[in-house]
Amino acid sequence: MKTRIIVFPGSNCDHDAMHAVANVMKNSDTEFVWHKQDSIGKGIDLVILPGGFSYGDYLRTGAIARFSPVMKDVIRFANEGGTVIGICNGFQVLCESGLLPGVLIRNQALKFRCKWVNLRGENTDTRFTNALLPGEIIKVPIAHGEGLYMAETEVLRELEANKQVVFRYVSEKGEVVSEANPNGSINNIAGIINKEGNVMGMMPHPERACEAILGSADGKKIFSSLARHFEFSRSLNEAQI
Amino acid sequence: MHYHVYIATERKEAILDPQGKATHHALDSLGLPQVEDVRIGKFIRLGVNAESKEKAQAIAEESSKKLLANPIMETFRIIEIKENANKGAHS
């Protein structure tokens, strides 16, 4: 899985993403791409927009990063069906760039939330979640001040109808309750996917929960899902030749 | 000509504004219950070099649509356009 991690000024989870993909997943072809570059390179499988505070969250979270030179190529890549995952600030950048619908605004409690949360896999039939069992609960951390997901009513209705809500904040028992919602997101939404299924954004940090020593290895399932997806597409391509 | 264009961005009514809500609570506890509602937006000043006031306005509108306001959750208004005489004197 040829992976590129975009680095904006203010990104601070780029190295966590690198550790998860390169060291834990043992994926040697993983490189950083500085935001000033105008290309992500050729033959890329996966682009990661990492967490952090790109451009100091000036104007709106993700608003300035969206106009970084490299984003033109990331948007092209996504529009051609390339796989893109945005984590935390990366999710905010995806929403600002229009690759995902909706917006992420200040947490309802106005507090920065840094804690472990339980997520329920709502759609395990995606390239990002195929290693999860339907309804499986995973434990991963969040760390954000602006993670309240919202969208216009019609957009929300479509997201739900198309199973584009991939993760929801739930209680330990898996109930969708407001006590389990750390930021006030509509419908407890923690992560969504685009209609085409190649772009996913999530506020929680799977890359920070890929080894038991860190408190949970559940986040690895997302990267395992992707690895499985690319392996499968490759063998399918070879079979066709 | 050099102009200063003042732009205000506001959240749409349907969008939650937790900052405004918290500020409203604070005003209430300060003893100002007459304040019924608080919404917090942004106030932006652009320094624009354009041939006319109309052109400056058009540039400010384009800037607002493309970047300054997120149309999903915000609206923007151009509040005022003033000639910036100081800028002309120096450049």
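This is a predicted model: local features need pLDDT of at least 70, side-chain atom pairs count only at pLDDT 80 or more; totals for chains, interfaces and linings use all residues.
**Sheets**

In chain A, nine strands build an open sheet of mixed pairing, and their order across the sheet is S2-S1-S3-S4-S11-S10-S9-S6-S7. Between neighbouring strands the average turn is 25°, with direction ignored. Within this sheet, strand S6 (residues 113-121) of chain A runs antiparallel to strand S9 (residues 165-170) of chain A, and four bridges join the two; Asn118(A) has Val170(A) in S9(A) as its bridge partner.

Chain B holds an open sheet of three strands in the order S2-S1-S3, with antiparallel pairing. Its edges are strand S2 (42-49) and strand S3 (74-83) of chain B, each pairing on one side only, and here too neighbouring strands are turned by 25° against each other on average, direction ignored. The two strand pairs for which bridges are given are set out below.

| Strand pair | Bridges | Direction |
|---|---|---|
| S6(A) and S9(A) | four bridges | antiparallel |
| S1(B) and S3(B) | nine bridges | antiparallel |

In the pair from chain B, Ile7(B) of strand S1 (residues 2-11) has Ile78(B) in S3(B) as its bridge partner.

**Nonpolar cores**

The largest nonpolar core comprises 70 residues, and those with the most contacts inside it are Ile6(A), Val47(A), Val74(A) and Val84(A). When neighbours within four places in sequence are left aside, Val74(A) is in contact with Ile6(A), Ile40(A), Val47(A) and Val84(A). Another core lies apart from the largest one and has nine residues, among them Val5(B), Ile7(B), Ala56(B) and Ala69(B).

**Form of chain B**

The secondary structure of chain B consists of three helices and three strands, which follow the pattern β-α-β-α-β-α along the sequence. Chain B is more spread out than a compact globule, because its radius of gyration of 17 Å is well over the 12 Å that the globule rule gives for 91 residues. The C-alpha trace of chain B spans about 50 × 30 × 15 Å along its principal axes, and 14% of the 91 residues of this chain count as buried. Among contacts in chain B between residues at least 6 apart in sequence, 70% join residues at least 24 apart.

**Contact between the chains**

Chain A contributes 10 residues to the contact and chain B contributes nine residues. On the side of chain A that touches chain B, five residues are nonpolar, two are polar and three are charged.

Key:
Residues are numbered from 1 along each chain as its sequence is written. Chains are lettered from A and ligands numbered from 1 in the order in which they are written. Two strands pair if DSSP finds at least two bridges between them. Axes are lines fitted to C-alpha atoms, for helices over the stretch in contact, and angles run from 0 to 180 degrees between N-to-C directions. Two residues are in contact if their C-beta atoms, placed from the backbone, lie within 7 Å. Ala, Val, Leu, Ile, Met, Phe, Trp, Tyr, Cys and Pro count as nonpolar, Asp, Glu, Lys and Arg as charged, and the others, Gly among them, as polar. A nonpolar core is a set of buried Ala, Val, Leu, Ile, Met, Phe, Trp, Tyr and Cys residues joined through C-beta atoms within 7 Å. A residue is buried if 20 or more other C-beta atoms lie within 10 Å of its own, exposed if 12 or fewer, and partly exposed in between; C-beta atoms are placed from the backbone. The radius of gyration is taken over C-alpha atoms; the globule rule is 2.2 Å times the number of residues to the power 0.38.
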